[in-house]
Amino acid sequence: MKLDRPFPYRLYLVMSEADCHGRDPLWVAEEAILGGVDIIQLREKGAAVEVFLKKAAQLKTVTDRYDVPLIINDDLKVAIRVGAFGMHVGQQDLPPSGVREAWSDCRLLGYSIERLEQLQSAEAALADYLGVSPIFRTATKTDTVSEWGIAGIRQLRGLTDKPLVAIGRMNRGNVAAVIQAGADCVAVVSAICAADDPRAAAADLKALINNAIAI
Ligand code: TZP
Ligand code: MG
């Protein structure tokens, strides 16, 4: 059965401390939530477990206050110890089967797909949503191989009922197009973290997404 947009999140903030360019990440997160972000992922690449855990615990005090799910990128220990809502993993990380085995309480598991053949894999089947990575090449993550583009989202939408989260240089100029092409949710880093006013940036993106869904 194909549900009509069963994924309850539309605007997804992915963040690290470095992405906030010297501003307090907790302030950025709170402003983003007040602007309309539905879910937040903490992505601290290369951080030691204790450092990552401390940042995650601090961020969770903010997300809990607003009942916003906190997702941990690629660190099972941190995710479990902080009591996160879920986890996001990529192709080079612990696979979804490993997360499911080790953490039965994981309530939302995301998995990035970079190529079409990864869509039908047994690992992708275990994920609650698929990160479509990247839609467009971005300076925020430079180790990507190719771009899905808007056409990639449209193609994937025709092949799967899994929720699709579009990521990679998403901004106010292209969010409507990815939603109309079939994405369930848009994930951003710099469009919010690097904005002068993260709350206004989030509100603007959310309105554009909601309008595109209503069309
Ligand atoms: N995965 C694919 S692209 C990306 C990640 C984490 C970074 C997206 O950053 P931005 O600034 O929204 O382009
Ligand atoms: Mg990864």
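1. D74 counts as buried because 20 C-beta neighbours lie inside 10 Å; a residue is called buried when 20 or more other C-beta atoms are within 10 Å of its own, exposed when there are 12 or fewer, and partly exposed in between, with C-beta atoms placed from the backbone. This is a predicted model, in which local features need pLDDT of at least 70 and side-chain atom pairs count only at pLDDT 80 or more, while totals for chains, interfaces and linings use all residues. Residues are numbered from 1 along each chain as its sequence is written, and chains are lettered from A and ligands numbered from 1 in the order in which they are written.

2. D74 sits in the loop between β3 (70-73) and α3 (76-82), where helices (H or I, at least four residues) and strands (E, at least two) are DSSP runs numbered from the N terminus. Setting aside neighbours within four places in sequence, D74 is in contact with V89, G90 and D93, contact being C-beta atoms, placed from the backbone, within 7 Å.

3. D93 belongs to the loop between β4 (86-89) and α4 (96-102), and D93 is partly exposed because 17 other C-beta atoms lie within 10 Å. An unreviewed UniProt entry annotates D74 and D93 as "binding site". Although spread over 20 residues of sequence, they cluster in space, with a largest C-alpha distance of 6.3 Å. UniProt positions follow the numbering used here, feature names are shortened, and such annotations may be inferred rather than shown by experiment.

4. Helix α2 (residues 49-65) has 17 residues and reaches 24 Å from its first C-alpha to its last, close to the expected 24 Å, the expected span being 1.5 Å times one less than the number of residues. Its buried residues are F52, K55, A56, L59 and T63, and what covers them includes α1 (25-35), β2 (39-42), β3 and α3. An α-helix has 3.6 residues a turn, so residues three or four places apart point the same way. After α2 comes D67, which has a positive phi, near 60 degrees.

5. Not counting residues up to four places away in sequence, V132 touches I113, W148, G152, I153, L156, L164, V165, A166 and I167.

Key. Two residues are in contact if their C-beta atoms, placed from the backbone, lie within 7 Å.
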